[in-house]
Amino acid sequence: MQYLAAKYQTRARDLRQRLREDRQKQYTSLLSAVRRIQAVFRRRQLIRRKKAEEARANQKAALVLCDFGRRVVTIMAAKKELSRRVSYLLQLLICRVAKVMCHCCKCLIGPSMLASDLSCMADEAKKVIAGGADYLHLDVMDGHFVPNITWGPPVIKHLRKHCPDIFFDCHMMVSNPEQWVQEIKDAGGDQYTFHLEAARDPAGLIEQIKATGMRVGMALRPGTPIEDALPWVDSVDVVLVMTVEPGFGGQKFMADMMPKVAYLRAKCPEKDIEVDGGLGPATVDAAARAGANMIVAGSSVFNSEVPAKVIAALRRSVEKLGNGKSEEELTELPS
Ligand SMILES: O=C(CO)[C@@H](O)[C@H](O)COP(=O)(O)O
């Protein structure tokens, strides 16, 4: 009996020992797997940080070059030695030579609902959300600041019920932007973009918008020089550079607005820069190269049989020409 008990005790001890060793082995291999994964993440983070630092250094040098070039061109244009168009082209060239590109701002695509079939706005919104839209661009027009009327807070409020999660970027083409801040917030707006040309007290308006918790956007008509916006750029979240005269969809993209975008990108490497008007797969490259990261597109998205394809094409352009991603890192085009 004693012999048997001793035998089983020894066996049980051996078994416990083996179990302990197995657990130890499993734990060690799990630990080394976790360490390997951590190392990969750390390496990726380092590469990303290095790229961002390089981009920032390039942009600083580019900014000095841009500033100098633009000053010369502006002085010449003021002395009527250069036409406005030639001066813009020269500025664009200066920005290009200065390699104002590659930023780390996330690419966001916002279909403009103005181009949708407004008799079934909610379904149209759901269609582009399913197609990969990052946000919806909602053009509020009052028939005074622009020669067209669209919708206001009540329509936005109803749309919000159908699309509870998507970001609403409200582009306020109105003469009195101070009047609608709270209404837009209450209707479900996430971003309030006012036109600098319409604001009586931009600093006060920016504070008013911020107090509601909405993101602040500042839009510029094509004729407004970028210099007019500089005092407010640091206080807003997004600068919207209009690439058509505001008021209507389906207009021709104004490539001569790109120096504004490039200049702004060089000055503010981390700011969201939005472009709006005439953007589609055929025109987006110029905007992406100049440094825009938020792309509003109406007709090109809603007139397409497959909006998801257009949205992906716009995104790829910004990722490639703006973020400097390699071919393998780009968003895949849907089949
Ligand atoms: O704000 C506006 C027009 O004022 C834009 O949002 C347009 O709605 C863009 O439409 P497409 O030019 O892309 O068709």
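**Shell around the ligand.** I sorted the shell by class and got seven nonpolar, 10 polar and two charged residues. My classes: Ala, Val, Leu, Ile, Met, Phe, Trp, Tyr, Cys and Pro are nonpolar, Asp, Glu, Lys and Arg are charged, and the others, Gly among them, are polar.

**Ground rules.** This is a predicted model, where local features need pLDDT of at least 70, side-chain atom pairs count only at pLDDT 80 or more, and totals for chains, interfaces and linings use all residues. Residues are numbered from 1 along each chain as its sequence is written, and side-chain values use heavy atoms, with hydrogens and water left out.

**Who is close?** I found 19 residues surrounding the ligand, each with a heavy atom within 4 Å of it. The closest are D139, G247, G278, G298 and S299. β2 (135–141) gives the largest share, three residues. Strands here are DSSP runs of E, at least two residues, and helices are runs of H or I, at least four, numbered from the N terminus.

**Polar contacts.** I looked for N or O pairs within 3.5 Å; within protein, one atom must be able to donate a hydrogen and the other to accept it, and sequence neighbours count only if both atoms are side-chain atoms. A polar side-chain atom of S112 sits 3.0 Å from a ligand oxygen, and one of D276 sits 2.8 Å from a ligand oxygen.

**T243.** Next I checked T243, in the loop between β6 (238–242) and α8 (258–267). Is T243 buried or exposed? T243 is buried, with a relative accessible area of 0%; buried means under 20%, exposed over 50%, partly exposed in between (1.4 Å probe, protein chains only). Its side chain reaches the backbone oxygen of D276 at 2.8 Å.
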